[in-house]
Amino acid sequence: MTTLVILPAGIAWLLAAVIAPLDGRRPLWGWLAATGLGASLLAVVLLLVRVLREGPVEVVAGGWPEGVGITLRADVLGASFAAVSLAVVLVAFVHEVLLGVRSRTFPALVLFLAAGLSGLFLTGDIFNFYVFFEISMTASYILTGYREENSQVRAAFIFAVVNLVGSVMFLSGIAGLYHLTGSLDMEVVAGRIGQVELSSIIPIATVIFVAFSLKIGLFPFHFWLPAVYVGSHAPVAAILSGAVANIGSYGLLRFGADVLPDALSFGAPVVLVLGVVSIVYGAMQAVSRHDTSEVMAYSTIGQVGYILVALAVGGPVGYAAAVVYSIVNSLNKALVFLAAQLRGPLAGAAFAVGAFSIAGVPPAVGFVGKIALFKTSIEAGGLLETTALVVLIFAGSALSFVYAFQVYQRAFLAREYRNNKRPSPRATRVLAISLAAFVLAVGLWPEPLLVLGTESAALLLEGLR
Amino acid sequence: MILAISVVIAVVFASGAFLVLQRDLLRVVVGIVLISNSAILFIIAAGLSRGSAPIYPIDEGAVSDPLVQAMALTALVIGSSVAALLLAVVYRLYVSHGSIDIEEIFRMEMREAEELESMNKTELDPEEEEVADERKLEKEEPR
């Protein structure tokens, strides 16, 4: 059964190596890659079910004794992030195959990205996390410039340079953690870090926090994000904001709440303020923009703020909200980016579901995320804090309602749209509508999602005791 | 030794950061290479211990830490391959724009976008001119 931990990354990895030299523009290889992604996703879902029933699964790679070899560890938190990320990658990839792949390397790159993602979510070793993280990031740098339009290549360069600086900071953080604890295993580091003085943990925690904030585009580190999203190809934007951005929120949860809980509770006020600023800034900027992808880029900055607020409040309710909101956000973003470019019957409906979900209107899944956040702000403590947070989240949602429907009007009700009668291929519309139906279904039956949230929170809090 | 190595890391990182902030894209790539190498030096420094080489059979006494060497090697491989990728992107930008100055590339793209927009305007039918005027008004309004 332990092979299930290796399978998700393994299938994608092997298939990527096989498909890399082949001509990815041919539909046959595209569908083969999609099948491989589907198999990876299936393995992750099976793993998730097993982890929920029986607790974390551990494998030490290469048959080394425990404590010597690299540990691969699947727990609820990692497996849920892996499942949602792989699902988004799969949907975006199938969308692109239906539209017609334009580059030989696209399927192989998406597979490498999926391998890196599932590897980093399912590892228990800090340095191994970094290696998988670099694999998926490198694939996403190339994917950003996929259509090879000049602005996309420029965006890929900016994306690569900024994120490489972030990766280097994270690498320095790893070196610091290794120096302090003498281990690279997350559990061992978390166990030993309690004996280290807080003053030596804080700089390392700050470096790691900045590295992950760069990845998800938190407010003061967001500057690269609009440049990358504007003009990017829709499936690529969906992969970037729905799957690659999960690395950041997972990293913050894993390294903040699990490995360095003391540093997180010490820095909670800063995290809270940054989250709040991010919500307000992202929503205001999004309201004032025109282009769909630009609005959604700023919306991403705002949505990240909610995750940070939940992380700062912490506790079982806060961590659960952070996990639930990350999952909800990646589903929303994938749906919105894919549906925004489509034309024809029901494409607007799929987009509207995504827009409703971002605004947090029931019965879309965004509502579940917003409810979790409201619970979190009630947990926050003092009356003043609670009121401030509730008002903030309400105002943020109202603003997201405004920008989501401004985009809807411009993309689907404007005269340009009505004049443009050529509908997109039916299969891509069916795909977007099924994703929209999924978003509605999870919103109507949110128990599994909430269980993932509470179980992950319980797991993260276990280390504290 | 600690002082010496931290000064070296600081100098390498600072030179890298300075180069990343330049407009010339080649300098940016060199800056990234320097920054990633400063992190590799930092990894080595994190496990800097005196001792014999950890090769079996191990001698009596202290053994130096082999794990940091393995990490440094991995990070070096990743760093060099990413540098190659960045250089390829710079070359691609040079081929399409004939320049590797980021400001110039950006200006060129703005000009292209404007040209495209003016071309679209002239392509409109005379019948549709009314529509275009309306559209112009609509566009101005939300701002």
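How far apart do the end C-alpha atoms of residues 124-340 of chain A lie, and how much of the span is helix and how much strand? In this predicted model, those end atoms are separated by 38 Å, and the span is 85% helix and 0% strand. According to UniProt, in an unreviewed entry, residues 124-340 of chain A carry the feature "domain: NADH:quinone oxidoreductase/Mrp antiporter transmembrane".

The average pLDDT of chain A is 88, and 98% of the residues score at least 70. Among the elements of the chain, helix α4 (residues 106-121) of chain A has the highest mean pLDDT, 93, whereas helix α17 (residues 415-419) of chain A has the lowest, 65. Where pLDDT is low, predicted coordinates should not be read in detail.

Because 26 of its 26 residues are buried, α10(A) is largely enclosed by the rest of the structure.

A:Val309 belongs to helix α12 (residues 292-313) of chain A. With 29 other C-beta atoms within 10 Å, A:Val309 is buried, the cut-off being 20 or more. Beyond its neighbours within four places in sequence, A:Val309 is in contact with A:Leu272, A:Gly275, A:Val276 and A:Leu389. A:Ala321 is twelve residues from A:Val309 in sequence, and their C-alpha atoms are 9.5 Å apart in space.

Key
Residues numbered from 1 in each chain as written. Chains lettered and ligands numbered in written order. Predicted model: local features only at pLDDT ≥ 70, side-chain atom pairs only at ≥ 80, totals over all residues. UniProt positions renumbered as here; feature names shortened; annotations may be inferred. Helix = DSSP H or I, 4+ residues; strand = E, 2+ residues; numbered from the N terminus. pLDDT = per-residue confidence, 0-100. Buried ≥ 20, exposed ≤ 12 C-beta atoms within 10 Å, placed from the backbone. Contact = placed C-beta atoms within 7 Å.
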